[in-house]
Every structure is written in C-alpha cells, then in structure tokens.
Amino acid sequence: MLSKFRNATDKARKLVIEHRNCSLAFILCFRNHINMVEQHSSSSKVQALYELCKKTYTPSGAPSSSSAIQKLCSLLDTIGPDDVGLKEENRDDRGHGLLGLNRLSSVARWAQPITYVDVYECDSFTMCIFCFPTSSVIPLHDHPSMTVFSKVLYGSLHVKAYDWVEPACYSKNKGPGYPTVRLAKLTVDKILTAPCETSVLHPKRGGNLHCFTAVSPCAVLDILTPPYRENAGRKCTYYHDYPFTTFSRGNGAEIDDEKIDEHAWLAEIDTPDDLYMRQGDYTGPAVQV
C-alpha cells in the first residue's frame, strides 16, 4: 500500500515539474515574441525611413516633389528617441545620449562635446543624430545645394536660420582688415521643443544657413540629401552674422527701416575652435541595406 502511494506521489511530482517547465518555456517564448515584436516595430521605422530616402533621392540631389517631402516629414514625425536607441536613462546633461560615460563635475560638464552619431550614409543621403548638452552650439553654417530634414527627438533647441538675399548683395568694404560680407534674410528664429513637427530647409529657402543652440539636453535626427561632399562642391562653411547696421548698405541693399532687424551681414569664418564634437556609437535598430 505504501509503495503504491509513493509511486502515485512520484508521478504527481513529475507531472507538476513537467507542467512547471512547460509554463516556464511558454513564458520565455512569449517574452521573446514580445521583444521581437517591439524590435521589429522600432526597426520598421528606421528601415522605412531608409527605404523612403533610397526611393526618393539620388546622388544628384534632384529636387523632390512636395508630396515626397511630405511623406518623409510624416514618417519622421512618428519617430521618437527610443526608435533610434536613445534610452530615457541615458538622456543627461552631457550630450552623451548613447555613450554612458561617467558623470563629471558640474563645472566640467559644460565643456562636454556634442555627440555625433552616424546612422547611415550613402551617395544620396546621410542619416545622423546630434546629442547636445545644455548651452552647446553648432555655429552658423550652410548646406550648399542640399535639402535637410531635422526632427527634434527630445528636449528644446533654439534654431536661428538665414537665406541669402538674391541677387547676391555685398557690402562695400570698409578697408583692410574688414571681412567681405553678404546680405542674408532671417527666416527662422525660434525654439523647437519635442514633440514637434519636422523642419525642412531647401537649397535656396527655408533657412539653408542655420545655427543650433541647446536650450536643454536635446537630440536631433537629421537627414541631409545629398550629403556633404567637398569634391562635389558641397563643403560646410561657417559664418559670423553681423547686424545690418554694422556695414554700409551697398548696391541693392535697399531695405525698409522696419525690416532692418530681419536682415544681417554674413562673413565666412574658419571652423570655430570651440566647436567640440565627438563620435558616438549608434545603438538603434540596424539598417538592412
């Protein structure tokens, strides 16, 4: 009798263990499935962005139709920091959204660099991310013959942007030591705070020359098409902007007094010494080429 009871008990224990193992296997399988779904969901946005850019743009940088630009903007508007590997716990005040470096003192952190992250680049376009610590600046620079899409992923960013006044207008040179300056019109001067719509600048309108200043820790996803290529004449040039009243008006600079604040003189400068930028690692979903 006792032996029969022991056998029955052993069988029951085996059934419980088998049931527990099956339940554990099911739970692990379910979790893996959820992770795969989440990864696919994020990956599909980055992948869809790549595929749309690949379909829309060529190395020649041919102008896009308004509908193509709208499609790209609509897709970019849905992308958040998690979709490109920027985790909440990594968004601090040092601009290292992807690096996880050791925290520095409050004095030293302001000297921390802007982090540049390359997502994908080809002859037709560049997909990249800039992570800014508070008060960091990408100085005024141009995007010759390029269209640029900018999506603020988190934080607040001040954007100041100009377009050249056409036909080109230069100020009369005051003499030796004074820079050659060209007239530009202010087109954007505002703070963008996530979530917000994607901004677009075109080769000759929309603020092709712009400056970024971080109001808070922030990150920006950029698409540049075609990408910078010095041998193709697409070299990044930096500028300093002077108030309109700094120089004489010159030929063709007939500006109404009430619109003077909307214009500035721009002078080419060398790459600023205080532009501190470092390379970061992209940890978001890989682009399948």
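Predicted model: local features only at pLDDT ≥ 70, side-chain atom pairs only at ≥ 80, totals over all residues.

Tutor: Residues are numbered from 1 along each chain as its sequence is written, and side-chain values use heavy atoms, with hydrogens and water left out.

Student: Why is the pair of Arg-229 and Asp-123 called a salt bridge?
Tutor: A salt bridge requires a side-chain nitrogen of Lys or Arg within 4 Å of a carboxyl oxygen of Asp or Glu. The closest N and O atoms of Arg-229 and Asp-123 are 3.7 Å apart, so the pair qualifies. The two residues belong to distant parts of the chain, 106 residues apart: Arg-229 is in the loop between strands E9 (218-225) and E10 (238-243), and Asp-123 is in the loop between strands E1 (114-121) and E2 (126-132). Helices (H or I, at least four residues) and strands (E, at least two) are DSSP runs, numbered from the N terminus. Glu-121 joins Asp-123 and Arg-229 in a network of salt bridges, and the whole structure contains 6 salt bridges.

Student: What makes Arg-229 partly exposed?
Tutor: Buried means under 20% relative accessible area, exposed over 50%, and partly exposed in between (1.4 Å probe, protein chains only). Arg-229 has 23% relative accessibility and therefore counts as partly exposed.

Student: Which residue forms a salt bridge with Glu-262, and where do the partners lie?
Tutor: The partner is Lys-185, with the closest N and O atoms 3.3 Å apart. Glu-262 is in the loop between E10 and strand E11 (263-269), while Lys-185 is in strand E6 (residues 181-193), 77 residues away. The relative accessibility of Glu-262 is 31%, hence partly exposed, and that of Lys-185 is 34%, hence partly exposed.

Student: What makes a set of residues a nonpolar core?
Tutor: The members are buried Ala, Val, Leu, Ile, Met, Phe, Trp, Tyr and Cys residues joined through side-chain atoms within 4.5 Å. The largest such core has 29 residues, of which Leu-49, Leu-72, Met-127, Ile-129 and Leu-153 touch the most other members. Helix H1 (2-56), helix H2 (66-77), E1, E2, strand E4 (147-154) and E9 each supply at least two residues of this core. Apart from it lies another core, of 21 residues, including Phe-132 and Val-188.

Student: Why is the aromatic pair of Tyr-57 and Phe-149 called edge-to-face?
Tutor: Rings of Phe, Tyr and Trp (its six-membered ring) pair if their centres lie within 6.5 Å; planes under 30 degrees apart are stacked, over 60 edge-to-face and the rest tilted. Tyr-57 and Phe-149 lie 6.4 Å centre to centre with 65° between the planes, and the pair is therefore edge-to-face. Both Tyr-57 and Phe-149 are buried.

Student: What makes the pair of Phe-130 and Phe-132 tilted?
Tutor: Their ring centres are 6.5 Å apart and their planes stand at 40°, so the pair is tilted. Phe-130, at 12% relative accessibility, counts as buried, and Phe-132 is buried at 0%.
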